[in-house]
Amino acid sequence: MVIVIVLVALLALVASQGAPGAVLVVAAGLPPEHRPLVVRFIDRSRRFRRAGALAAVLVAAAMTVAVSAERGGGTATGPVDLRAFAAVGLGGSILGSVAAETFRLRRPRGPRIASLAVRDPDAYADPVAGRRARGLLGLSLAGGVASVVLASLAWRSLSVLGATVILLLLRRWALARIALRGRPVLPAHLEAADDRVRELASSVGLSRPIVTLTALLGSMQWAALATGPDGDQSTLHEAFSGVAAVVSWALFGAAAVWWWHNRSFGLRTSGAGARSLRRVGWLRLAAALGAAVLLALLVMAIRRG
Amino acid sequence: MLLRVDPSLPLPVYEQIRSQMARLSASGELAAGTRLPTIRQLASDLGLAKGTVERAYLLLEAEGVVNCRGRSGTFLAARSVRTASEPADLRRELDEAADALAVMARQLGIGDDDAVAALRRALIRLG
């Protein structure tokens, strides 16, 4: 079962890859002098993200198989939390992104020159992602409080809240690191290209995926609140579970939409070749949806025996 | 405004940073109140250890060239002629700086006349 999920997840991952960097920057109408640098950034970031996601999913699958086999004494055929798998994949891709951004430039042997112009650690902060992060933290806090009040899976809810706080701190650290990363003295046009790459790395490279993962974790937290512990039939919990389910699905939907938009690194494709690029994008979406439907059918077939 | 260091020179890198910043301040090329880059930024731009830049900043702060205002950053102090309580202290500091210049000139194989000419040019630049 887990192996099937991993295979379909890999298929969905490949199908959901955005357009190649070189095509994307032309379709997005970036200035020609920015393109080589942005293409290198996109290709490098994608390579690291993909490697991180694959590694994380494979490790999680192997661990699930091992744990299930140990508990069941045989092959793993029990239900698998797909949201947890998606969160693991996204977490791996974020770690890949962080690894891609924490490189160091080689130190030159001769004289070194630096500008005395001050760079702001928040220079490339993404205000949209910042607002979303604050909202999600609020929701996660509310979920934590609700779980304590209802005495419903409090440890799980609070651990999600802890993970959310850690993710948002990781976001702050990574943003400052990208902004203050060493920069040689460059001509003005290359400095502008470097600014654009740092902006992309900060927002679509890290901030937005982290916010997406936070939303996914929030969705899991609220889903657990909606279900509640086994046998809990209190009136208070019944009244709350409907609201919790709605919040959970809304968060899951938001995470899916943000993840989908992030594939193209937030670049608006309106330049040359944008139409064919969108057509290819829809085809890839259809392939990803097909993979998801196939997965659902397989799950149903296996459950029916 | 650019800062240039060369780790292959005999003069320690922190001293190169300190002397250039002191010169930029004394000549007015950098206005008083100008915010300087953080230690972390300058160290990563120059490919140096943070401690090296920190040492230069600490020396500059001790000399009253810069003001460190905690999380707000490091700012260039108002340009002022330093006064010491004892004229002998001033002379001793000047002799130490002259010694450093003489050692540097010898290590670079620069003749006495050229070293003195370099000092004159530096004094003229300061006005």
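I took the expected span of a helix as 1.5 Å times one less than its number of residues. Helices (H or I, at least four residues) and strands (E, at least two) are DSSP runs, numbered from the N terminus.

The model is predicted, with local features requiring pLDDT of at least 70 and side-chain atom pairs pLDDT 80 or more, while totals for chains, interfaces and linings use all residues. Residues are numbered from 1 along each chain as its sequence is written, and chains are lettered from A and ligands numbered from 1 in the order in which they are written.

Entry: helix H5 of chain A. I checked H5(A), residues 127–150, whose 24 residues should span 34 Å; the end C-alpha atoms are 34 Å apart, which agrees.

Entry: the sheet of chain B. I found an open sheet of 3 strands in the order S2-S4-S3, with antiparallel pairing (two strands pair if DSSP finds at least two bridges between them). Its edge strands are S2 (35–36) and S3 (66–68), each pairing on one side only. I then looked up S3(B) and S4(B) (residues 74–76), which are joined by 3 bridges; B:Asn67 has B:Phe75 as its bridge partner. Helix H3(B), residues 50–62, packs on the sheet and touches S3 and S4 (contact: C-beta atoms, placed from the backbone, within 7 Å).

Entry: chain A against chain B. I noted 17 residues of chain B in contact with 17 residues of chain A. On the chain B side, H2(B) gives the most, with 6 residues.

Note on methods. Contact = placed C-beta atoms within 7 Å. Axes fitted to C-alpha atoms, helices over the stretch in contact; angles between N-to-C directions.
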